[in-house]
Amino acid sequence: MNLWKRYGLLLVVTLVLTAGIPISAGAAETAAVDSGDTSFIFICAGLVMIMTPGLALFYGGMVRRKNVLSILMQCFTVMALVSVQWVLLGYTLAFGPDTGGIIGNLHWLGLHGVGFEPNPELAATIPHQLLVLFQMMFAIITAALITGAFAERMRFTAFIGFILLWTTLVYDPLAHWVWAPGGWLRELGALDFAGGTVVHISSGISGLVAALAIGKRITHTQEVLLPHNLPMTMIGAAILWLGWYGFNAGSALASGSLATSAFVATNTSAAAAAISWMAAEWLHHGKPTALGAASGVIAGLVAITPAAGFVTPISSIFIGLFVGPLCYCAVSMVKQRLGYDDALDAFGIHGVGGIFGALATGLLASKSVNPAGADGLLLGNPQLFVAQLVAVTATCLFAVIVTGIILKVLDHLVGLRVTEEDEEAGLDISQHGEDAYCYTDLSATAE
């Protein structure tokens, strides 16, 4: 064998041997990553992401035509702002190593040290950065939900500041309390499968505080403020219903029986609440409405969110049947009597529905569904209901106090509300210089 052949053979052997080293090391590093679970959570993250554009359509159809673009703009702006905030700061505050049960430390600031291997304490079979992505979508939709309370009257500059401050000071600590190892509500034993306290109660209560702080729309008591495009709202509700499967089933953080159970509970509660809302509306007003059906679906989805991974299908029916009339009364009677202007019923559906769902979890949860959970009061465990009551109370108080402070500071610095002239013209024109329905008179153009 000549020198070149020997050299070539040696080179091939060397490459094979050295190439095997990183391959083996890589296989060892990623051995815990389950491709099925990873694919499932990728899909669920996409479903949760599409919920925010769905919410934009749902809310956009309910405002007057002169404000539809402002709602769409606010929802899309939330997607951009919170995506960056979550990577830089939000994730480490929410899920970083615990500091006193209250907040995560800054160990993962800018996702430093958050790689592709799983974190066994948080999600044992998916890449850590995928968990970051999935939870980011929750932070986005939560902040976007609040926009329904102050629709048609907040300055866009104040809105940007509010979203960044609220996500950092309200959402991130609450997420740590409930979901992170060491969080005080988690250690207390409170259950929140996909965000009844963290997402819905926090956004609903904060929305009510914002609506009261900003005040009523100038025409609130002078005219009936009717939705301008109900088909848009129905399409948005359908997108939300679809996205909620990723929201709740994905919170199992693995593809399996628990995700299946959460999926079934989610759909069943939404359907039952749509029926019960329409029934309540039919009895009260003599006719069921499309807006009522859509609102009922959302109420059922909200209420089942904390319970989805802990209750049976029959329990999910009861949750849906009760929450429909409850939220209907909140938005059609209580709001009217108390006189606050929660424009798109962020509090009436998300706040009220979230509180009911969290407490219903304390009543109906069953370890037969999820051994990692707990039995509820109706199965002989009053401690869970007490823990749920503490979680609801703490969330409400925290959201009221911190949101109130944020709004007070912003009002002093930049002003919360647009002028009466700008409100009358509509936020599409006054804040963004656009018109959603800029029709051209073709006959005039031809002449």
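**Salt bridges, ring pairs and a cavity**

Student: The side chains of R64 and E152 meet in a salt bridge, at 2.9 Å from N to O. Why is this contact called a salt bridge?

Tutor: In this predicted model, the N to O distance for R64 and E152 is 2.9 Å. The cut-off asks for a side-chain nitrogen of Lys or Arg within 4 Å of a carboxyl oxygen of Asp or Glu, and therefore the contact of R64 with E152 qualifies. The pair links distant parts of the chain, 88 residues apart: R64 is in the loop between α2 and α3, and E152 is in the loop between α4 and α5. Both residues, R64 and E152, are buried.

Student: What makes the contact between D341 and R153 a salt bridge?

Tutor: The closest N and O atoms of D341 and R153 are 3.8 Å apart. As the cut-off is within 4 Å, the pair therefore counts as a salt bridge. D341 belongs to the loop between α11 and α12 and R153 to the loop between α4 and α5, which places these partners 188 residues apart. D341 is buried, as is R153.

Student: Which other salt bridge does D341 form, with R217 as its partner, and at what distance?

Tutor: The side chains of D341 and R217 meet at 2.8 Å, N to O. R217 lies in the loop between α7 and α8 and D341 in the loop between α11 and α12, so this pair ties together parts that are 124 residues apart in sequence. R217 is buried, and D341 is buried also. Salt bridges link R64, E152, R153, R217 and D341 into a network. The structure holds 6 salt bridges.

Student: How many aromatic pairs does a search of the whole structure find, and why is the pair of W244 and F247 called tilted?

Tutor: The search finds 19 aromatic pairs. W244 and F247 are both buried.

Student: What makes the pair of W277 and Y328 edge-to-face?

Tutor: The ring centres of W277 and Y328 are 5.7 Å apart and the planes stand at 75°; because this angle is over 60 degrees, the pair is edge-to-face. W277 lies in helix α9 and Y328 in helix α11, so the pair ties together parts that are 51 residues apart in sequence. W277 and Y328 are both buried. Elsewhere, ring pairs join W86, Y91, F95, W108 and Y171 into a cluster.

Student: Which residues line the largest cavity?

Tutor: The lining includes M51, L55, F58, H200, H350 and both W244 and F247. Two or more lining residues come from each of α2, α4 and α8. This cavity holds about 60 Å³ of space. The search finds 2 cavities of 30 Å³ or more.

Student: How do you know whether L397 is buried or exposed?

Tutor: L397 has a relative accessible area of 52%. Exposed means over 50%, so L397 is exposed. L397 lies in helix α13. A nonpolar surface patch of about 630 Å² is made by L397 together with V400, I401, I405, V409, L413 and V414.

Methods: Residues numbered from 1 in each chain as written. Predicted model: local features only at pLDDT ≥ 70, side-chain atom pairs only at ≥ 80, totals over all residues. Heavy atoms only, no water. Phe/Tyr/Trp six-rings, centres within 6.5 Å; stacked < 30°, edge-to-face > 60°. Buried < 20%, exposed > 50% of the residue type's maximum accessible area, 1.4 Å probe, protein only. Helix = DSSP H or I, 4+ residues; strand = E, 2+ residues; numbered from the N terminus. Patch = residues over 30% accessible without salt bridge, like charges linked within 9 Å, V, L, I, M, F, W, Y side chains within 5 Å. Areas by Shrake-Rupley, 256 points an atom, 1.4 Å probe, with all protein chains shown as cover. 1 Å grid on protein atoms, 1.4 Å probe; cavity = no way out; pocket = protein on both sides within 12 Å on 5 of 7 lines; lining within 4 Å. Points joined across faces, edges and corners; volume = space filled by probe spheres on them.
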